[in-house]
Amino acid sequence: MENKSVWRGSEINYPSIEAGDRNIVVIGGGIAGFLCAYFLAEAGQRVTLIEADRLFSGTTCGTTAKITYNQGGVYADLLMRYGRRAAELYYLSQAEAIEGYKKLVEKFNIYCGLKEVDGYIFSKEESRSLKKSCELLQSFGAKCDLCKDIKTVNAKFALKAEGQYVFDPLKFLSALPVGFEIYEHTRAIDVDPKTKIIKTDGGFIKAEKIIVATHFPIINSRGAYYFKLRQSTSYTVAVNGEQADAAYLDEKEDGISVRPYAGGTIIGGGDHRTGRAKESGHFKHLERTAKTLFGGEVTNKWHAEDVMTFDGMPMAGRYSKSSEGVYVITGFNKWGMTNALVCAELIRDLILNRKNKYAELFSPQRNIRGSFGKMLSNALTNIKEIALGYFRITFKSAKNIKKGSGKIVYIAGKKRAVYRDGRDNLHIIGSMCPHMHGELKWNGDTNCWECPCHGSRFDIYGNIISEPATKSCKYFFSE
């Protein structure tokens, strides 16, 4: 079994950037950043994209790659928060994104396994929420209906939508024409929104405009994204048995997601807030579910992190009211395929001073109605995690750590994050996340250290796996 996703991107290796001046700089080489660079270059702009690791190596590589507007209760929730027009606009944005992918695939004759499927949001029993969502979507003109007894996933009730799609996202992205500069292994360590100077691990870049597409925004001094966002981890396996006949998603947040792919079926699930896994064994549970539903053998397993907003819509636009020429894309709420495309087009239009009907809807500065309590609870919980990191007493020692696991223990009188590898060697790093100093937690399923506050992740050597942290944890030594 391979510990990586089934998606394979371009084998082209791009160099790291050196210091210099640039016009438009996109920070982040996932699907959102890449599409931003593509659309801007297509419009005649000079664009440079920088990526901390390899192109598409983050959440884009970990996606289940469903292109769908059937997103469960989000429309009913938007109706309650903002009214009918907002809910309908969000639906239109997702439907237009579906058409956008189809046009690009046809235009460039891209072979990426784009396949039309029915999309189901299912429940183990009749769901008032799904009924309401169906009525609302039908009023928008969507081709959807309610159905019962869905045998594929052993469900009693579902909202079925026609004309949804699945594809191989990395084959699609790798086939798009590149009319812009690409630099890999170039991490943005700091960004000054006033001077538009980007500090990287290789020098300084002076830009005229900056687009931050780094999964979780990395400029802490503006926008208060650490208050408005949270991160969620999910797990996925691929099985080479029977191919699913459609795309499925459990209405429950921690339920399963199913879709067919060229090698069989992909099944995901086990969602939880990053850094706050109550227990391990997510992959084992998915493997059992996959074999029960589709047979065959599990060939791949992987995980991904998604950035969540409190109203179910992405944030795309100016980074903050005071940040002229600095833009952000984030918060796709697990619907990254559709939202990446529509948000990339939105950023292009803002930079080119074009009107875009989704600009106000997706504005990062919008008033997120009905979420103050949840946002306050999120902030207080993060503050508590940071405080406990300083004052929590642990009586554990390195002797208590089993092979292949990690714990926060005392080493030479100081708390450290310690991992014991298969050869019985200890790997010791600082116990605090360098972002805002939350105490790290070990995730036994992903084999990495995670921050329970804002979701930064680190390997056993303290190297950054994902943002918002831009600096690694200090690696002390191994013994």
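I looked first for charges over rings, meaning NZ of Lys or CZ of Arg within 6 Å of the ring centre and within 35 degrees of the ring normal. The charged end of Arg348 sits over the ring of Phe39, 5.4 Å from its centre. Arg416 has its charged end over the ring of Phe476, 3.9 Å from the centre.

The model is predicted: local features need pLDDT of at least 70, side-chain atom pairs count only at pLDDT 80 or more, and totals for chains, interfaces and linings use all residues. I numbered residues from 1 along each chain as its sequence is written, and side-chain values use heavy atoms, without hydrogens and water.

Next I took ring pairs. Rings of Phe, Tyr and Trp (its six-membered ring) pair if their centres lie within 6.5 Å; planes under 30 degrees apart count as stacked, over 60 as edge-to-face, the rest as tilted. I got 20 aromatic pairs by this rule.

I checked Tyr75 and Tyr91: centres 6.4 Å apart, planes at 70 degrees, so the pair is edge-to-face. Tyr75 is in helix α3 (residues 74-82) and Tyr91 in helix α4 (residues 84-107), 16 residues apart. I read helices (H or I, at least four residues) and strands (E, at least two) as DSSP runs, numbered from the N terminus. Both Tyr75 and Tyr91 are buried, that is, under 20% relative accessible area with a 1.4 Å probe, protein chains only.

Tyr120 and Tyr248 came next. Their ring centres are 4.8 Å apart and the planes at 15 degrees, so I logged the pair as stacked. Tyr120 lies in strand β4 (residues 115-123) and Tyr248 in strand β12 (residues 247-250), so the pair ties together parts 128 residues apart in sequence. Tyr120 and Tyr248 are buried.

Last, I noted a cluster: ring pairs link Tyr69, Tyr75, Tyr90, Tyr91, Phe140, Tyr358 and Phe362.

Terms used: Buried means under 20% relative accessible area, exposed over 50%, partly exposed in between (1.4 Å probe, protein chains only).
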